[in-house]
Amino acid sequence: MLRRIAFLTMTLLVTLGVLSLHGNPISSAAEIDDIKAKIKKHEAEADEAVKEFEAIQSWEDTARKEILEAKAKVDLLEEKEDKLTELVRRRAIEMYKGSGDPLSLSFLTSDAADITEYDRRTTYLETVIKSDTDTLGEYTRVKEELRVIKKVNLARQKELAQARKNLERESQRIKENLAAAKKEYAKIQGNEYNYYGRIPIEGRYCPVNGPVSFIDSWGFARSGGRRHKGVDMMSPHGTPLVAITSGVIDRIGNGGLGGITFWLRGDDGHSYYYAHNSRNTVVKGQRVIAGQLLAYVGNTGNARSTAPHVHFEIHPNGGRAVNPYQWVRPLCRQ
Ligand SMILES: [Zn+2]
């Protein structure tokens with residue numbers, strides 16, 4: 001997987017090499033179309049990287065659950081171990097003292113009127129010893145099992161952290177290179193494209209004014225049994241977030257799962273939610289126009305440990321959220 005991403009980065013660098021070789025200006029329409037096709041291809045590849053990122057996230061969730069389960073087992077066994085240690089210690093003392101404990105020698109011999117009574121006591125003693133031995137056997141077995149679980153989990157955690165670090169570094173590189181290519185492209189195009197190489201459609205803008213990659217993650221499992229009610233648009237930290245349409249900022253948030261957030265009530269009647277922002281540049285009640293800067297991409301709230309992205313929601317007529325993927329895709333992929 002990581003080798004593939006490294007390959008993607010390489011092809012991207014080759015594309016950038018082509019761009020810089022041509023220098024300025026590029027006049028041929030065929031050449032411009034060629035660059036456009038290449039940018040499109042790399043955007044699709046960046047989306048693939050997001051898919052892999054999502055897979056790692058869910059792998060991590062599973063691993064975390066397994067670690068918690070193993071920990072509960074360890075606690076239980078340690079409690080059992082304490083009890084067994086205490087039992088063995090008590091037995092040893094009682095044997096030494098020759099007290100009335102059933103396991104002591106005196107229990108076998110004292111007042112054993114006849115051989116039948118002696119046999120009865122011996123059988124009882126054997127049963128007690130066997131049950132202790134079984135417990136000890138089980139204990140040894142589970143203890144070994146536990147040692148293996150702990151070892152595997154530790155190895156997996158290390159592997160996971162490394163894979164994640166590599167993926168984040170590589171996808172960050174892809175995005176930065178893509179941003180550079182887009183900027184170069186916009187420069188070549190002059191005034192035709194002044195909005196990160198994208199044209200608004202029917203007055204609507206891509207909420208992210210910069211490189212962005214995303215997949216349809218509607219309904220994906222999230223922590224605490226929640227379901228994903230938006231689209232996670234991955235973009236470098238600090239990328240401008242703009243108004244998808246004109247409207248009024250009717251709510252500002254700071255804290256909880258969303259971190260730094262705001263709600264835009266569009267003049268079209270729909271409500272739009274932007275979360276995990278690093279910073280908002282608007283205040284409650286402010287009127288904004290389509291494409292206006294509202295905030296910057298970040299990873300506040302429960303996105304602290306993930307790559308920076310905007311969690312974007314659409315609530316038609318202010319009602320329940322619907323899948324925003326189909327809405328933003330044409331706006332952000334052109
Ligand atoms: Zn999200």
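In this predicted model, R279 stands opposite Y296, a residue of strand β10. The strand β10 covers residues 293-296 and runs antiparallel to β8, to which two bridges join it. Strands of a sheet pair through backbone hydrogen bonds, in either a parallel or an antiparallel manner.

Three strands form an open sheet in the order β4-β10-β8, and the pairing is antiparallel. The edge positions are taken by β4 (240-242) and β8 (279-280); each has a single partner strand, and therefore one side of each is left without a neighbour in the sheet.

Most residues other than glycine have a negative phi. E202, although not a glycine, has a positive phi of about 50°. E202 lies in the loop between α4 (115-189) and β1 (221-222). Is E202 buried or exposed? E202 counts as exposed because it has 8 C-beta neighbours inside 10 Å, and a residue is classed as exposed if 12 or fewer other C-beta atoms lie within 10 Å of its own.

N317 is placed in the loop that lies between β11 (309-315) and α5 (325-332). With 9 C-beta neighbours inside 10 Å, N317 therefore also counts as exposed.

Technical notes
Residues numbered from 1 in each chain as written. Predicted model: local features only at pLDDT ≥ 70, side-chain atom pairs only at ≥ 80, totals over all residues. Helix = DSSP H or I, 4+ residues; strand = E, 2+ residues; numbered from the N terminus. Buried ≥ 20, exposed ≤ 12 C-beta atoms within 10 Å, placed from the backbone. Pairing = 2+ DSSP bridges.
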